[in-house]
Structure formats: structure tokens, C-alpha cells
Amino acid sequence: MDVGFIGLGVMGQPMALNLARAGTPLVVWNRTPDACEPLRAAGAAVAASPAEVFARARTVLLMLADGAAADAVLGRGTPAFAANVAGHVVVSTGTAPPGYSRALEADIRAAGGSYVEAPVSGSRGPAEAGQLVAMLAGEPAAVEEVRPLLAPACRESFVCGPVPGALLMKLSVNLFLITMVTGLTEAFHFADRHGLDTRQFAAVLAAGPMASSVSTAKAPKLTERDFTVQAAARDVLYNNRLIAEAARASGLASPLLDVCHTLFGEAVAQGHGGSDMVAVLRAIEARTDAGRPPAGPADAPPPAGPADAPPPAP
């Protein structure tokens, strides 16, 4: 049978294209039909509805914005849900709250289907190049069935135990990504507002020990003020919120993440939600231009030290 793919957005379309180009027999559906045309050109069949995808494919991959979108496609809460998922393997490659994923697995298994969490790490560039990293969780037999299907889209995959292990791993990775890119953006702002050559700043960064595939992708976007989307700021804010909620549920501190959460919230409120995540620069610049950088060590008196001690008695 065909493999189904539902959700052909920023990440889903390049992932599905890599599967189709590798010879995977695909049947696809997207809420916006125009997004299906590149898949049709690559040899995939285009379904008229999600139900048709499930009728034609035993394994169905979902790359959807959130749990509400997944529930709508699956028909969750309606009689159509069991008809769609019974005897099928449902693979969620998006990012959702861990608790939601655990509940969805229970519902799918109760309806006679199997469920695999398979969130991926990477933005549009790695998705187009087939260089995503997949994290998988679920029943071992289903995970091993799904793992090779993802190979054309993912350069590596990791099995993370039962649900929601893969999503918790993805959130852990995203915490590092969000704080790293925000730090890079603030460093760029610091260099820029001190009148430095920002291209030289990017070159120095690329030559040093902090260079990474992320910095080499994002630093040029900052120097060119290129905010075309690779990973949208609104999606980063959504991921930030998921991580913060998971941290609070477990009683964990997340001080760096909390600062980033505020900054991305400001960037989205300013109208930059559809821009790349480096548009968090706009929020940092707005704070500077408003003359309200937060208080920090520069506002406090220096600690007493040897230079402050009275001279020795003669």
C-alpha cells in the first residue's frame, strides 16, 4: 500500500518530496491544495480528503501545526476516528505537548491502531537537504517499521523509548537551540550597535570554537537582515511555551528559556511571527531604542576588592 503524508507546510513539503524522490509510493493531502502540486509533479498521488489517505495507506505521517490540527485530520472525538486509525500506523512528526501525545497514543491503540512519535530536529534548509534528525518513541515493532521510511528525509534517527520520550528529547534539543540563537542574535546586536563590521563579526565567529551549522546559517541572515523564514518566530514561541510548560510540570527551573520566551513573545506581538526566528532581533532592538535595557551588573556598584582597600599604614 501507499504511505500517507498529511501536512505539506514549511517542513512537511520538503520531507514528503524527499520521500517521493526516493521512490516511496506516497498519497498526500494538505488543507491548501496548491501545496500538493510539487508532490504531484514528483509522482505522488493527491487525495481529496484525509479519509482517502487513510483508505489508501496503512502508514500515515502527519506534519501538522498542533494537536488541534491533528485531531481534526484524524477525526478524533467522532466515529470517523476509529475508521481512520484502526489497523493503521499513525506517525506524528510535528511537535506537540508530551501529555497530548500520550493521550493520543492511548486513543489510537484503543481504536485498534498503532502510534509512533517521530518529531524531527532541523529547519527548512535541513528538511530540503534530507538532513533532519528524527527521534522516535512508541511500541518497538511500530518504531522499527517506521524508522526506515524516514531515512530519505533524515540523516539519522534515535529511538527514545516509550511515548512521550521522543517529544521530551525534542524539547530538550529545542531548549538549547532557542537559547543559542537568541544569544547569537543579542551578540550581533551588541556588535552592530557598537559600530563594528557585522560581516567581520560573522567571520570571526565562523573561525572560532563557537561555530556551528546553526551559526553559519543564522549569522549571514542577521548581517543581511534577511528574515525570510527557515523556522518561524511564532513556531519558536510555540515550542518555547511547550518547553516551559513541561519544565513547570516537573518543577524545573528554566531561567534562560524564560527570557527567550518573553523576547519571542514581544517579536510576535510586534508582527514578526511569520519571519525567521532571528527576527527576535526586532524585539531586542525595540528594547534598546526605547531606552529600557533591563538592569544588570552595570547598574550595580562594583564589589569591594583589593583596589578598594585602604593603603597600609606607613
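Cys260 is buried in this predicted model, with a relative accessible area of 5%. Two further residues, Cys154 and Thr59, are likewise described as buried, and the values for these residues are set out below.

| Residue | State | Relative accessible area |
|---|---|---|
| Cys260 | buried | 5% |
| Thr59 | buried | 6% |
| Cys154 | buried | 7% |

As for the cysteines, the structure holds zero disulfides. For Cys154, the closest cysteine sulfur belongs to Cys160 and lies 12 Å away, which is too far for a bond, because a disulfide requires a pair of cysteine sulfur atoms within 2.5 Å.

Thr59 is part of strand β4, which spans residues 57-62. Once its neighbours within four places in sequence are set aside, Thr59 is in contact with Asp2, Val3, Gly4, Val89, Val91, Glu145 and Leu149.

The largest nonpolar core comprises 32 residues, and the members that touch the most others in it are Phe5, Leu26 and Leu39. At least two residues of this core come from each of β1 (2-6), α1 (12-21), β2 (26-29), β5 (89-92), β8 (132-138) and α8 (140-146), with α1 giving the most, namely five residues. Apart from this core lies another one, of 29 residues, which includes Leu205, Ala233, Val236 and Ala283. In soluble globular proteins, nonpolar side chains tend to be buried together.

Returning to Leu26, and not counting residues up to four places away in sequence, this residue touches Asp2, Val3, Phe5, Ala16, Leu19, Ala20, Leu39, Ala44 and Ala45.

Key. Residues are numbered from 1 along each chain as its sequence is written. This is a predicted model: local features need pLDDT of at least 70, side-chain atom pairs count only at pLDDT 80 or more; totals for chains, interfaces and linings use all residues. Side-chain values use heavy atoms; hydrogens and water are left out. Helices (H or I, at least four residues) and strands (E, at least two) are DSSP runs, numbered from the N terminus. Buried means under 20% relative accessible area, exposed over 50%, partly exposed in between (1.4 Å probe, protein chains only). Contact means heavy atoms within 4.5 Å. A nonpolar core is a set of buried Ala, Val, Leu, Ile, Met, Phe, Trp, Tyr and Cys residues joined through side-chain atoms within 4.5 Å.
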